[in-house]
Amino acid sequence: MSAKKEYHFIAISGSLRKGSYNTMALKALQQMAPSHIKIEQVHFDNIPFYNADLHTEQLPGEVVPLVKKIKEADGVIIVSPEYNYSIPGALKNFIDVVSRHPDKPFSEKAVAIMGASQGQIGTARMQYHLRQVMVFLNAYVVNKPEIMIGHAQHKFDESGNLTDEFLLTQFPLLLESLVRLSDKMSSGS
Ligand code: FNR
């Protein structure tokens, strides 16, 4: 029997805070991924604000390894809160900076989006804004399942483990969808 194809996905949490529910969700996804799927979290806390005066000729040095990781990945997973009905500024800035790199790392990349908020509709508005941004970047976003984790404060235990039974069924489905989309992107069909 042939070995299963291996996948390497890059994961980004849109929240910078230590006790973030979104980072908990990202880690839950990492933990439940089968052994042939590696999910590597990257951090963007050190990326400066994009400034065309400074960054048109040369992007900040911190960006280059992240661009390379995204470019080489089989897909990207973004797990983000919703701030004021939209994408958190730090995450948006990261995407803006990366998008100016000539390698265009998001172009034709398979992307999965999910998010957790303490509100009722679990980042739905942020997710639709992020999908719109991905259109400009020429990324392809998984359509289903849509994972909108509302009332996130009740979905994890004190150690940060995901406890919600429905979500425990949805996370693997999102990964399966990302694998399928990644395969389509790499086969060019
Ligand atoms: C929020 N929060 C929030 N929640 C929501 O459902 N819709 C929203 O528009 C906002 N707006 C918002 C703006 C700002 C500036 C903050 C700091 C928070 C609440 C948010 O869901 C909650 O803080 C989450 O816990 C943030 O995610 P992390 O940090 O736990 O991953």
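A polar contact is a pair of N or O atoms within 3.5 Å; within protein, one must be able to donate a hydrogen and the other to accept it, and residues adjacent in sequence count only if both atoms are side-chain atoms. The model is predicted: local features need pLDDT of at least 70, side-chain atom pairs count only at pLDDT 80 or more, and totals for chains, interfaces and linings use all residues. Residues are numbered from 1 along each chain as its sequence is written, and side-chain values use heavy atoms, without hydrogens and water.

**Exercise 1.** Find which atoms lie 2.8 Å, 2.9 Å and 3.0 Å from the ligand.

*Solution.*
- Start with Asn84: a backbone N or O atom sits 2.8 Å from a ligand nitrogen atom.
- Go to Tyr21: a polar backbone atom is 2.9 Å from a ligand oxygen atom.
- End with Gln118: a polar side-chain atom is 3.0 Å from an oxygen atom of the ligand.

**Exercise 2.** Describe the aromatic pair of Tyr21 and Phe156.

*Solution.*
- Apply the rule: rings of Phe, Tyr and Trp (its six-membered ring) pair if their centres lie within 6.5 Å; planes under 30 degrees apart count as stacked, over 60 as edge-to-face and the rest as tilted.
- The count is three aromatic pairs.
- Tyr21 and Phe156 are stacked, with 6.0 Å centre to centre and 25° between the planes.
- Tyr21 is in helix α1 (residues 21-32) and Phe156 in the loop between β6 (147-149) and α6 (165-187), so the pair ties together parts 135 residues apart in sequence.
- Phe156 is buried at 8% relative accessible area (buried: under 20%; exposed: over 50%; partly exposed in between; 1.4 Å probe, protein chains only).

Conventions:
Helix = DSSP H or I, 4+ residues; strand = E, 2+ residues; numbered from the N terminus.
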